[in-house]
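Subject: Structure handover

Hello,

Here is the structure for you to look over. Please open it alongside this note.

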Amino acid sequence: MKDLSMDVDALDAEAERILRMNDRGGYSVPTAGLYPYQWNWDSAFAAYGYAMFDLDRGWRELEVLMAGQWPDGMVPHIQFHKVDPSYFPGPDIWGGVGPVPSSGISQPAIAATMARLVYELDPHAGAERMRALYPKFIAWHRWFMDWRLDRDAVCLTHPWEAGRDNAPDWDGPLARIDPSGIAPYERRDTGHVDPSMRPKKADYDRYLWLVKQGHDCGWDQAHLREVNPFRMADPTMHFTLLRAHRDLMWLGEALGLDTSPLPDWIAQLEAGAETLWNARLGAYDCRDTVTGDWADAVSNAAFLCWYAGVDPKTTAQAYARVQSKVQFGVASHDPESPAFEPKRYWRGPTWAMMNMLIAMGLDDAGRPEGAELRASTARLIAGNGFAEYFDPLTGAPAGGKDFTWTAAIWLGWASPKARRGRWAA
Ligand code: GLC
């Protein structure tokens with residue numbers, strides 16, 4: 001473990017090099033090889049990272065992301081700008097129906113929040129670009145409100161939609177799916193990184209079954225709402241959208257734009273957060289909307305409540321408990337749970353960009369844990385590089401290397417020299 005005081009300038013330069021290297025001209029890939037396309041929330045973080053050294057490039061990332069919006073308002077989780085055979089499942093399997101070949105699901109609504117941070121770096125320079133993006137964000141947020149609510153809590157319809165692909169939260173509902181009928185396939189992810197860090201085959205079969213179901217329905221949301229057996233109300237989707245509504249409201253007011261739907265949407269999601277409170281667990285939790293069952297697990301998404309500005313109830317106690325069990329960042333799954341696996345993707349590892357969102361909320365709430373989380377994430381990256389994610393017990397890097405969002409949040413948040421947004425002024 002190297003000492004952080006070592007060379008902040010070198011780390012800043014390395015982060016910038018990674019962003020430039022992963023730039024494909026207007027959009028960025030999360031990392032070459034493993035993820036060769038544009039991912040939705042990755043791009044939102046990337047925009048903020050680019051804006052630290054090239055404001056125009058930051059805006060461009062958001063513009064290209066939103067240009068892939070479907071006619072119904074959905075912004076897909078992957079846009080396949082240039083087909084690359086090293087990734088599976090590709091555009092033919094998804095059969096997206098937007099202006100750019102794409103997947104058929106979305107991802108957490110981070111983009112409006114990152115747009116606000118980019119805008120605030122230079123409101124004058126960003127005003128026209130933000131005005132042009134604003135109605136697209138409204139349409140995307142409206143799509144979530146129209147199609148993804150259950151008792152006013154925001155749901156995902158595929159494990160990849162929450163961005164927490166193989167979290168133990170999905171084990172129950174996935175087990176109910178019989179994946180027979182999917183065509184034989186060859187995974188590509190396990191050719192890029194150690195299979196012990198990736199989702200298992202049983203999970204993958206079910207991910208593909210859900211993709212096939214969506215494709216077969218032409219991604220018709222009304223139809224899918226009737227037939228899809230996987231519909232989880234989830235703190236990731238919920239808290240990110242609530243925060244994004246608030247940031248969009250702020251932007252709309254700053255620019256004199258029509259904010260009329262936002263107050264109701266905000267009130268609705270504030271009320272809906274109550275339906276995600278698992279009192280037995282003492283934390284916000286995922287709720288299976290088909291069975292009513294809780295996931296009964298403290299994930300890092302539970303700690304986004306401060307980011308969303310909702311009543312944290314006893315979340316601070318849960319936070320203190322899980323933090324006392326790890327050395328670095330926030331574990332993606334409760335370290336005391338039997339399902340905890342420190343190196344397997346979303347079943348335990350710590351993710352730098354989730355840490356940033358959690359810390360933004362803690363800072364907003366005036367809690368000291370935000371600064372601590374930033375310091376521990378900075379140590380993690382300084383000592384272990386710009387990995388996709390990390391073992392929270394040892395800090396060991398895992399998954400893909402030279403990762404865009406890790407570099408971006410370094411530049412915009414974790415670096416001691418970061419020009420952080422207003423939440424941490
Ligand atoms: C994985 C992650 C997801 C991310 C994508 C690209 O699928 O689980 O959150 O957006 O990789 O980095």
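Below is what turned up, starting with the ligand. One caution before that: this is a predicted model.

**The ligand site**

The space that the ligand takes up is the largest cavity. The residues around the ligand are Pro-30, Tyr-35, Trp-39, Trp-41, Asp-42, Gln-107, Gly-163, Asp-165, Tyr-345, Trp-346, Phe-403 and Trp-405. Sorted by class, this shell holds 8 nonpolar, 2 polar and 2 charged residues.

- Asp-165: a side-chain N or O atom is 2.6 Å from an oxygen atom of the ligand.
- Trp-346: a polar side-chain atom lies 2.8 Å from a ligand oxygen.
- Tyr-345: a polar side-chain atom is 3.3 Å from an oxygen atom of the ligand.

How much of the ligand's accessible area does the protein cover? On its own, the ligand has 310 Å² of accessible area, and the protein covers 97% of that.

In general, strands of a sheet pair through backbone hydrogen bonds, in either a parallel or an antiparallel way.

Strand 3 runs antiparallel to strand 4 (residues 153-156), with 2 bridges between them. To find the spot, look for Asp-150, which stands opposite Ala-153 of strand 4.

**Two backbone points in loops**

Which peptide bond is cis? The bond from Phe-88 to Pro-89 is, with omega near 0°. Pro-89 sits in the loop that links strand 2 (78-79) and helix 4 (91-94).

The other point is Trp-219. Its phi is near 55°, a positive value in a residue other than glycine. Trp-219 belongs to the loop between helix 9 (201-216) and helix 10 (221-227).

**Where to look**

For a quick tour, begin at the ligand with Asp-165, Tyr-345 and Trp-346. Then go to Asp-150 and Ala-153 in the sheet. Finish in the loops, at Pro-89 and Trp-219.

Best wishes

Terms used. Residues are numbered from 1 along each chain as its sequence is written. This is a predicted model: local features need pLDDT of at least 70, side-chain atom pairs count only at pLDDT 80 or more; totals for chains, interfaces and linings use all residues. Side-chain values use heavy atoms; hydrogens and water are left out. Two strands pair if DSSP finds at least two bridges between them. Helices (H or I, at least four residues) and strands (E, at least two) are DSSP runs, numbered from the N terminus. A residue is near a molecule or strand if one of its heavy atoms lies within 4 Å of it. A polar contact is a pair of N or O atoms within 3.5 Å; within protein, one must be able to donate a hydrogen and the other to accept it, and residues adjacent in sequence count only if both atoms are side-chain atoms. Accessible areas come from the Shrake-Rupley method with a 1.4 Å probe; for residues, only the protein chains shown count as cover. On a 1 Å grid over the protein atoms alone, a cavity is a set of points where a 1.4 Å probe fits but cannot get out, and a pocket is an open set with protein on both sides within 12 Å along at least five of seven lines; lining residues have an atom within 4 Å of a point. A molecule sits in a cavity or pocket if more than half of its atoms lie within 2 Å of its grid points. Ala, Val, Leu, Ile, Met, Phe, Trp, Tyr, Cys and Pro count as nonpolar, Asp, Glu, Lys and Arg as charged, and the others, Gly among them, as polar.
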